[in-house]
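This briefing covers the charged side-chain pairs of one model. The points are grouped by pair.

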Amino acid sequence: MPKLNVKRHMSPAEIALTADWIMAQPDLPSWPEVRTFVLQSVAIDRTVEAIRRIPGLKAARLARAEAPRARSSTLARPTTRKINALQAHIDRLEAEMRRLEAENAELLLRNLRLINGARVHQIPEADLDRPFAPINRNPTNLRTRRAKP
């Protein structure tokens, strides 16, 4: 830490550094916290009243007060009931995932059996992918032969 200087005023760069620190805080820092930051970062020892009178710091603190708070600090903690409900939902989704993986493995084996069966009967694999021909569901009346007299 540099040597403390009580006679030197803060330069515009040091004021900008302190203003950036104020804006980066999750909550609005108090004037004693700003004083501590100034003391530690730029080694200038000033009273809280002297720091409060610096226009750049006053503007930064007002801007931080009007800026929206970080969302993480305003969110409520989940209750035990909510955590249990979420865990039950996760368990259901994991069970569904295991069921779908098992079904996928079963379908892969079924497709392999069909392809091997088609190969045994010399049916080309391309014919397996062809769509079925449309089925005519209209009734047809076949002519019947008359008995010869």
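A salt bridge here is a side-chain nitrogen of Lys or Arg within 4 Å of a carboxyl oxygen of Asp or Glu. The model is predicted, and it holds four salt bridges.

**Arg35 and Asp45**
- The side chains of Arg35 and Asp45 form a salt bridge, with N and O 2.8 Å apart.
- Arg35 belongs to helix H2 (residues 31–42), while Asp45 sits in the loop between H2 and helix H3 (48–52), so the bridge ties together parts that are ten residues apart in sequence.
- Arg35 has a relative accessible area of 26% and is partly exposed.
- Asp45 is also partly exposed, at 26% relative accessibility.

**Arg130 and Asp127**
- A salt bridge links Arg130 to Asp127, and its closest N and O atoms are 3.2 Å apart.
- Arg130 is exposed, because its relative accessible area of 55% is over the 50% cut-off.
- Asp127 is partly exposed at 32% relative accessibility.

- In the bridge between Arg99 and Glu96, the closest N and O atoms lie 2.7 Å apart.
- Both Arg99 and Glu96 are in helix H6 (residues 80–120), where three residues, about one turn of the helix, separate them.
- Arg99 is partly exposed, with a relative accessible area of 43%.
- Glu96 is partly exposed, with a relative accessible area of 36%.

Technical notes. Residues numbered from 1 in each chain as written. Predicted model: local features only at pLDDT ≥ 70, side-chain atom pairs only at ≥ 80, totals over all residues. Heavy atoms only, no water. Helix = DSSP H or I, 4+ residues; strand = E, 2+ residues; numbered from the N terminus. Buried < 20%, exposed > 50% of the residue type's maximum accessible area, 1.4 Å probe, protein only.
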